[in-house]
Every structure is written in structure tokens, then in C-alpha cells.
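Dear colleague,

Please find the structure below, handed over for your records. My findings follow directly after it.

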Amino acid sequence: MSIDQQSTPYPGESTSGRLGSFMRAMFAVVWKDLSAELRSRELISAMLVFALLVILIFNFALDLDPASRREPTITAGVLWVIFVFAGTLGLNRSMAVEKDRGCMDGLLLAPVDRSAIYFGKVIGNLVFMLMVEIIVLPIYSLLYNVNLFNPGLLLVILLGSIGYVAVGTLLAAMAVQARTRDILLPILLFPVVLPVILAAVKASTGFLDGSEMEMILPWLNLLIVYDIIFSAVAFMVFDYVVEE
Amino acid sequence: MISVRKLIKRFGLKTVLRGLDFEVEQGEFVALLGPNGAGKTTFLRILASLSRPSMGGVKIAGYRLPDQAAAVRRRLGVVSHQPLLYGDLTAEENLKFYGRMYSINTLDARVKEVLDLVGLTARRRDLVRTFSRGMQQRLAIGRAVLHDPDVMLFDEPHTGLDQDASAMLDTVLREVAARGRTVVMTSHDLARAADLASRFDVISRGVIGASVRRDEIDPNDLLAFYRGALQES
């Protein structure tokens, strides 16, 4: 990137530094993803319908009595299965849009650090996932008669979603190159993201059953460490993942 | 402006480019001709920094690839047979998005200027997915010239266009070349290449088999020159 700073600016080019162009490119990708999705509503509606169907399927498949429905272990488990499955659908679609119309090449041709593209896609995917979660939580609360408006649980959902999307976006960028991308992404993603799901389910259960903070803290720490490590790894390897 | 030395590109066991040498001066319009599978698109993707060379040296505007790829990308405009545009954004939004990716400060003015250049001002607020193939390709050229690049790469830009759309694209291509940009265009269409380019290079079996300038050949002899180059390689 030092070359960027040494080279002569072209007409109308911003002369702000490396961080400025990184942030501008990152938020351009976020703006582009959100604007396109606001118009088409393909991704959100697919994720949402899928999430609601999973809630219904679990409702019938588990055939739980009213008391068991409010069990924190069951609530946390079902919630994270919904988030993970719906999230996978969104991750696949988000990268497929770039690949199918050749737009990924358009992004890669921009003279910016390619990790700006990665973080832009991560933020966009995270927004979509959080939107689905915001809609799913009250519906789940209503159907299963359980109070999910717990600040601790919401923090776990945020941290878990960040970890899931950070890894998922990187692996989706890899999987989208393959013809079998739809089945390849879950196969690649689920084993890698297992620590996030485990920590998220344990921490969610802890907050729902009112456990002591010292019991929950190790799981929260695991989520935070996972988020940081995988964001850093993706920052370093994304350039190689997307290059031919 | 472009200097390529002994370029080799392998995909696994298959060698697509076999020690290709290529030189282009500033302001030249080079038509890169060749049959399917000759390595034209692979070569263009390497010039565009979308693919890494297996061996050999590539320099564009004095910058080496792949080490100085970001500096090269800043000076490149690329148009392929895919428009690289987002169907759910308007023409204006697509250009503004790419303008932000290139950190263009005076973006609104530049987008307006480019929409005028490609003749899409009246459709600037329409979604790109409602555009015909020809209009999408014109907007793709607008996207590629937005940051005023020194070098333009066109990969079979006429693919899928009807006669009218191709003629309109030719007009835009001539305007791009008239502004002194260096242009490399791959094409199967010899007549169209003869009409636009100032130099014709034939790529075959991963090397440049022959090269001739427009003032050295009668355009009617281009087909014979092309066939001769393929037979010799």
C-alpha cells in the first residue's frame, strides 16, 4: 500500500490517507449492499421465511410441554440453530450476487486494500443477520412463551453473530468460486464455527437461567477472543482467498 | 506504457501462456486477436491484476505486477463481456459506488460528466437490471473511465451486442482512444478491430505470433495476416 501513497493522484482523487480510503471503500460496500437489498429484499425475506419455518418445525418436532418450552437449554439451542441456518443462507446469497454478475472482479479492480471489501461485506452481512434476529426474537418469545429481552442474551447474540459472520464471509468468498458453493459453504463453515455456537449456546443458557456472571464469563471471553482472532485472520488472508 | 517479458501462466498442469512478450506505447490502441483458448482473456486478467503470473515480468505505467498491484489498478480501466454492475442499483448509484471505491472527491460532477459521455443521462435514475445489454455495456465503459485511467483493457466488449449497440459502443471506444488513452482490446471480430485499432497482435498457443501496425497493412489483408499468423504458430 505504500505505492498508493507515493503515486500521483488522478483528477478528482481524494488526497486523504490510507485509512481514509480504506474506510471510504468499506462503507461504500456496506452502502451498496444495503441499498441493493432495500430494493430487492431477496436476502432478508429468504432468511426471515426460513427462520420462521425453522421455529415452526422445532415447535412441532420437539412436541414440548409448556414447561419444557421455557427451558433455557432448549431456548438457547433452538435460537442458535435458527440463527446459524438462516445466516448460512444469507452468507451464500451475499457472495453469489458478487460472483454471478462478475461484480467481484469490479470490486477487486479498485485500488484499495482488499480487506476493506471483506469488512464491508462483513458489516453488511451482520446488519442482515441482526435484522432477522430482531424479528425472530419477539416471534419466538410469543410462540414459546419465554422472555428473551435480557441485555446479557442480546450481548451474546451480538458477539456470536459477529464471530459467525466474520468466519462465514471469509469462507463464503472461498466457496463461491466452486460450482457446488451452496453445499460447500455449510461443510466448510460449521466445523470452524463450532466454538462460536458452543460458547453462544452456553452463554445464552447462562443468561436465561440467571446463572452467576462468573459461570458465564468464560463463554463470553471465548466469544470475544474468537471474534478478534478470526477478524484478524480474515484481514490477513482475504486477499489470497479472492485472488485467482 | 505496458511491458510484458517472458510471461508464463499455468493452471495446474496446463500452461496457457508460454513466455509471452508484449510492448505497448502510450496512446496505442492494440487489438489482440486470436482463436478461443489462445489465452487472450487469461492475459488480460493478468494485466488487470486479477490473476497472478506463474513466471515472467509485467510492468504497467512503470509499476510492477503483482507487487505494485494497487498502483497499477489506479491507472487501469477494465471492460469485460460482463458489465460488473449491480442490477438493483441505478446507473447513477453504480457509478457513485465505484467512484467511492476509487476515492474520487468531486464525485457528483464526475458521475454527471461520465453519464453524458456514455449517453445515459436520461436513464441515470433507472435500475441497471432494466437496461438493455447495449446500455449496460455503455455504462460499464462509464464505470471503467470514471477515474480517468491511463490504460484501458477491453475483453471482447462487443459480445452479445446487436448491430446498433455495437456501433454505439464503437463510438464510445473511439472517444476513449481519442482522449490519448492506451487501449488493449481482445476481439474475435476482425472487421471491427480493423476499424478501431492502431495495431493488431495475434495471440496463439500462449504467445504473440505476429504483430502489425495499421499503416503497415491494408485492412482488407487483415484476415490473410491473421490466418497466416495462426498457421505459422
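The model is a predicted one. In chain A, helix 5 (residues 72–100) packs against helix 8 (residues 151–175) at an angle of about 40°, and their axes are 10 Å apart. Because of that angle, helix 5 of chain A counts as oblique to helix 8 of chain A. Their crossing is right-handed. On the side of helix 5 of chain A, the residues in contact are F83(A), V84(A), G87(A), L91(A), N92(A), S94(A) and M95(A). They meet S161(A), Y164(A), V165(A), G168(A), T169(A), A172(A) and A173(A) of helix 8 of chain A. By class, this contact of helix 5 with helix 8 of chain A comprises eight nonpolar and six polar residues, with no charged ones.

Turning to the two chains, their contact takes 30 residues from chain A and 33 from chain B. On the side of chain B that touches chain A, helix 2 (69–74), strand 6 (76–79) and helix 3 (91–101) of chain B each supply at least two residues. Helix 3 of chain B gives the most, with five residues. This side of chain B divides into 15 nonpolar, nine polar and nine charged residues.

Lastly, helix 5 (residues 133–145) of chain B reaches 19 Å from its first C-alpha to its last, close to the 18 Å expected. Of its 13 residues, 11 are buried, so helix 5 of chain B is largely enclosed by the rest of the structure. Among the buried residues are M135(B), R138(B), R143(B) and V145(B). Their cover includes strand 6, helix 3, helix 4 (107–117), strand 7 (151–155) and helix 6 (163–178) of chain B.

Yours sincerely

Terms used
Residues are numbered from 1 along each chain as its sequence is written. Chains are lettered from A and ligands numbered from 1 in the order in which they are written. This is a predicted model: local features need pLDDT of at least 70, side-chain atom pairs count only at pLDDT 80 or more; totals for chains, interfaces and linings use all residues. Axes are lines fitted to C-alpha atoms, for helices over the stretch in contact, and angles run from 0 to 180 degrees between N-to-C directions. Helices (H or I, at least four residues) and strands (E, at least two) are DSSP runs, numbered from the N terminus. Angles under 35 degrees count as roughly parallel, over 145 as roughly antiparallel, 65 to 115 as roughly perpendicular and the rest as oblique. A crossing is left-handed if the near helix is turned anticlockwise from the far one by less than a right angle, and right-handed if clockwise. Two residues are in contact if their C-beta atoms, placed from the backbone, lie within 7 Å. Ala, Val, Leu, Ile, Met, Phe, Trp, Tyr, Cys and Pro count as nonpolar, Asp, Glu, Lys and Arg as charged, and the others, Gly among them, as polar. The expected span of a helix is 1.5 Å times one less than its number of residues. A residue is buried if 20 or more other C-beta atoms lie within 10 Å of its own, exposed if 12 or fewer, and partly exposed in between; C-beta atoms are placed from the backbone.
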